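Work through the exercises below with the sequence and the 3D view open. Each task is followed by a solution in steps.

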Amino acid sequence: MTDAKQTKTVKTIKINADLCNGCRACEVVCSAFHAEPKYSSNNPARSRVRVIRDPLRDLYVPVYAGEPAGAECAGRDKYIIDGKEYDECAFCRAACPSRDLFKEPDSGLPLRCDMCEGEDEPLCVKWCITDALTLEEREEEAEEQEEPEELEFGLESLANKFGWEKMQDALARMAQRE
Amino acid sequence: MRYAETGYNLEVDLSRGNIERVASDPRETELYLGGLGTNAKILWDRVPPEVEPFSPDNLLIFAAGLLCGTPATGCNRTIVSTISPQTELMAFSMMGGFWAPELKYAGYDKVILSGKSPELVYLWIYNDTVEIRDASHLQGKGAVETAELIQKELNEPKAQVSAIGLAGENRVLYASIEQGRSSASRGGIGAVMGDKRVKAVAVRGTRDINVAKPLEYMEQCTEVLEFIKWREDNPIPGVIPILAVLGSPQEMAIHDEQWHTENFMWGNARERRKGFWNEDIESRWTETMENVRTRLISCYNCPLKCGATINVPGLNTYMMKCFSKLTYTMAAYADLDFGFRIAQRATEYGLDAYSTPQVMAFALELYENGILTDDDLPGLPEDNEDRFFWLLDRIVLREGIGDVLAKGTYWAAKEIGKGADEYAHNTIKKIEQLPLKLSMLNPIYFLMYCTGEKINITQIEGQFPQAPFPKPEHREKFVKDWFQVPDDRFKQYFLDWEPRGEYSNPYYPTPEMCCDIVDWQEKMHYIDDALGMCAGLSSFHLKPPYHIHNFPKFIEYGAGIPMDEATLSKAAKRYRTLVRAVNIRRGMRRKDERPPEDHWKKRFPELEKELLDTYYQYKGWNDQGIPTCDTLRDLSLDYVAEDFLQRGVLTDTEEAPGRETGQETDADEG
Ligand code: SF4
Ligand code: SF4
Ligand code: SF4
């Protein structure tokens with residue numbers, strides 16, 4: 001690997017909350033895409049984008065699962081929007097020990113948006129035909145850097161949760177059963 | 001594994017406080033699909049005709065359609081079925097929104113409420129945890145308010161709540177069930193919920209819904225979404241705005257209300273105001289709408305945004321959809337601004353926005369004509385708009401005359417007497433209809449009005465244009481990409497249909513063609529109601545994304561039930577016939593199947609008789625509208641045939657009309 005600067009295409013999803021109609025199609029398709037096998041089931045509770053909806057206060061904010069947080073934040077504040085108090089966590093992108101959001105409902109493993117790896121276009125963007133979600137691409141100079149694989153990412157979170165030793169034991173046991 | 005459906009129903013006995021999770025029989029899904037279909041089967045099996053609507057033995061079923069919760073766009077309907085206190089027949093109102101998919105994710109296809117709770121309660125369903133909870137603190141609270149209070153006390157902002165307001169609690173016969181931007185309004189199902197002392201059903205689910213053939217299913221879904229996008233960019237030319245674009249009429253988005261305000265009747269479905277719409281009104285109403293409308297909003301998994309958040313300064317925020325925008329305004333000869341103000345209160349009360357304004361306009365007509373007097377209406381305000389607010393409160397509180405009006409125009413007129421029934425002129429099967437009064441009989445609509453058991457014209461019409469196009473070249477153009485027709489002969493019916501002359505209403509389309517057209521229209525609604533599909537993307541529209549050619553694939557790939565067009569048509573016919581069987585057993589007969597006398601000015605008694613005779617025959621019903629034994633057996637409804645024979649509803653010769661049940665005589669004598 002060289003240290004030379006290279007350009008790479010950075011894809012980001014632009015969120016225009018003003019255009020969101022609260023339909024949650026983005027949640028449906030995201031969870032379906034990540035089902036095993038692909039599209040075999042769907043369940044918004046597994047989606048990597050979640051729409052914070054509060055129709056009576058006209059609040060619609062699609063939030064994407066980002067890097068998980070190892071521990072919960074200290075000194076959290078409140079948002080007050082249109083007279084209603086929201087916990088600061090309400091709009092946070094992280095899977096975090098303090099709550100269920102952005103975790104697999106069964107295993108508790110953290111979820112993170114992977115931009116629908118392997119698809120031409122993120123599916124939430126494709127299914128949001130009202131254009132609240134759009135894709136933006138830009139060229140950026142960047143260090144070549146390997147993104148951790150999905151598997152690695154998951155293992156790391158498990159290790160954080162249970163400790164390396166326990167996990168190695170479990171893996172060994174499982175390997176024997178196979 | 002069960003696909004698309006969860007395979008479980010929740011049985012809640014409110015009298016005993018007993019809750020059970022019961023597996024459903026997959027063979028029933030094959031026969032009746034789900035949603036309305038399986039609801040009809042349950043009502044047939046478990047609610048005998050003697051059961052009164054307000055009896056603990058009546059059931060109130062909340063069902064998610066078969067495909068709700070799968071990625072199929074717009075498949076989000078909750079089908080609520082019970083015996084209606086207004087018609088005493090089966091009611092199967094539906095609502096969009098978010099409730100049905102949430103129920104599926106919680107692991108259930110239906111919630112079946114039986115018995116009657118001793119105290120006001122609400123039901124809280126969170127996956128496997130189901131509780132009956134005290135709702136005494138919610139007594140008298142508005143429906144929108146209730147939903148919010150429940151989310152708050154459960155600390156579950158993602159819970160979906162179906163609730164009744166005070167109208168349901170007080171058993172107003174046209175009370176609705178409200179759910180955020182949606183409501184199940186017709187037939188008084190909110191009153192049945194109130195009678196069962198259930199204030200709300202809240203649900204939250206975090207489970208998977210599986211489909212049988214994932215890639216194939218997704219391909220169908222994507223195709224539909226692409227088509228929706230295309231239809232958005234290519235409205236159908238030559239038809240009124242709400243028919244040109246998809247959606248459950250886009251009343252919240254459009255400002256041009258010339259068609260409704262000049263073609264629908266004002267007051268108590270009385271007066272057509274030609275020339276009403278002008279630039280001044282258009283600009284004022286546009287301003288009103290834009291001032292109160294915060295955002296256009298959608299149901300679950302649908303881009304169409306047919307609803308809106310409405311924020312009238314000084315009043316609590318609520319949500320609205322469809323024609324309720326105009327019903328209050330037009331009943332009161334008022335301004336749009338009045339409509340938004342009174343709809344706010346009516347929504348919190350939880351009332352049907354078709355019936356309620358008509359009942360109030362009916363009461364004021366009786367007053368103007370001396371049938372109701374100052375003694376009946378003590379304290380009636382002077383100002384017209386104030387009168388509507390005053391009547392609304394009396395009805396919901398069931399005070400004085402309000403107690404009578406709470407029964408709807410049909411029953412109220414019977415009770416008031418003194419010729420009041422002349423003024424209850426706009427009902428079919430005892431339910432207030434859209435305020436439409438037209439000139440020339442339309443034979444297709446005649447059949448739909450007569451025989452539609454969902455009782456609202458919007459719940460049977462669709463697919464086929466409402467009127468002929470004037471120019472042959474327009475018709476040619478229209479049929480060119482009309483691939484949704486079940487058969488090419490439907491194109492020919494339309495091509496030959498002229499505004500005047502030999503090939504025009506009422507003698508063309510011929511009775512045989514009308515049967516064919518109506519049967520297709522009705523079938524598509526029944527399919528929607530079993531699958532949980534929104535009619536605004538399907539049966540209600542011309543050239544919709546869902547149709548008879550792709551539905552079998554959705555069912556096969558989604559639910560894993562082998563399906564083709566013929567099998568699907570037969571299943572739809574089966575549960576459609578079962579709905580009729582429930583109603584026949586409760587006394588419905590031919591004499592109940594007629595439009596309001598004044599619906600059309602020009603009537604044709606002989607032709608109308610021929611139309612109904614032909615249609616009954618086409619459907620396999622006898623001349624009383626009763627499905628014959630042959631028809632029933634052909635649909636594997638032998639158990640219905642046996643029941644009919646046993647009760648003498650049908651005799652062995654089948655065609656002879658049998659004895660009519662007592663129910664009907666009672667109803668007629670009021
Ligand atoms: S699909 Fe788009 S409009 Fe719908 S909830 Fe997601 S972001 Fe909002
Ligand atoms: S980009 Fe893909 S992974 Fe990320 S939220 Fe959207 S659908 Fe999910
Ligand atoms: S078309 Fe409209 S009413 Fe139908 S599901 Fe979509 S948003 Fe709801």
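**Exercise 1. Find the residue that stands opposite A:Asn42, and describe the strand pairing there.**

Solution. Step one: in this predicted model, the residue facing A:Asn42 is B:Ile209, which belongs to β14(B). Step two: A:Asn42 falls within strand β2 of chain A, residues 41–42. Step three: β2 of chain A and β14(B) run antiparallel to one another and are joined by two bridges.

**Exercise 2. Describe the contact between chain B and chain A by its residues and its buried area.**

Solution. Step one: count the residues on each side; chain B supplies 41 and chain A supplies 35. Step two: turn to the area. The size of an interface is often given as the accessible area lost when the parts come together. Between chain B and chain A about 3100 Å² is buried, and carbon and sulfur atoms give 56% of this area.

**Exercise 3. State how many salt bridges and polar contacts link chain B and chain A, then say which elements of chain B take part in the contact.**

Solution. Step one: four salt bridges are counted between the two chains. One pair joined in this way is B:Asp208 and A:Arg46, whose side chains come to 2.9 Å, N to O.

Step two: 14 residue pairs, both members at pLDDT 80 or more, are in polar contact between chain B and chain A. Step three: on the side of chain B that touches chain A, two or more residues each come from α3 (99–106), α4 (143–154), β14 (209–210), α7 (214–233), β15 (293–297) and β17 (318–321). With eight residues, α7(B) gives the largest share of that side. Step four: sort the residues of this side by class, which gives 20 nonpolar, 12 polar and nine charged.

**Exercise 4. For a salt bridge inside chain B, locate B:Arg284 and B:Asp280.**

Solution. Step one: the side chains of B:Arg284 and B:Asp280 form a salt bridge at 3.6 Å, N to O. Step two: both residues sit in helix α10 of chain B, residues 279–292, and are four residues apart, about one turn of the helix. Step three: over all chains, the structure holds 64 salt bridges.

**Exercise 5. List residues around each ligand and sort each shell by class.**

Solution. Step one: ligand 1 is surrounded by 13 residues, and the closest are A:Cys20, A:Cys23, A:Arg24, A:Cys26 and A:Cys128. The shell of ligand 1 divides into nine nonpolar, three polar and one charged.

Step two: the residues around ligand 2 include A:Cys30, A:His34, A:Arg48, A:Cys113, A:Asp114, A:Cys116 and A:Cys124. Its classes are nine nonpolar, one polar and two charged.

Step three: around ligand 3 are residues of chain B, among them B:Arg77, B:Cys299, B:Cys302, B:Lys305, B:Cys306 and B:Cys534. Here the count is five nonpolar, four polar and two charged.

Terms used
Residues are numbered from 1 along each chain as its sequence is written. Chains are lettered from A and ligands numbered from 1 in the order in which they are written. This is a predicted model: local features need pLDDT of at least 70, side-chain atom pairs count only at pLDDT 80 or more; totals for chains, interfaces and linings use all residues. Side-chain values use heavy atoms; hydrogens and water are left out. Contact means heavy atoms within 4.5 Å. Buried area is the accessible area (1.4 Å probe) that two parts lose on being put together, summed over both. A polar contact is a pair of N or O atoms within 3.5 Å; within protein, one must be able to donate a hydrogen and the other to accept it, and residues adjacent in sequence count only if both atoms are side-chain atoms. Ala, Val, Leu, Ile, Met, Phe, Trp, Tyr, Cys and Pro count as nonpolar, Asp, Glu, Lys and Arg as charged, and the others, Gly among them, as polar. Two strands pair if DSSP finds at least two bridges between them. A residue is near a molecule or strand if one of its heavy atoms lies within 4 Å of it.
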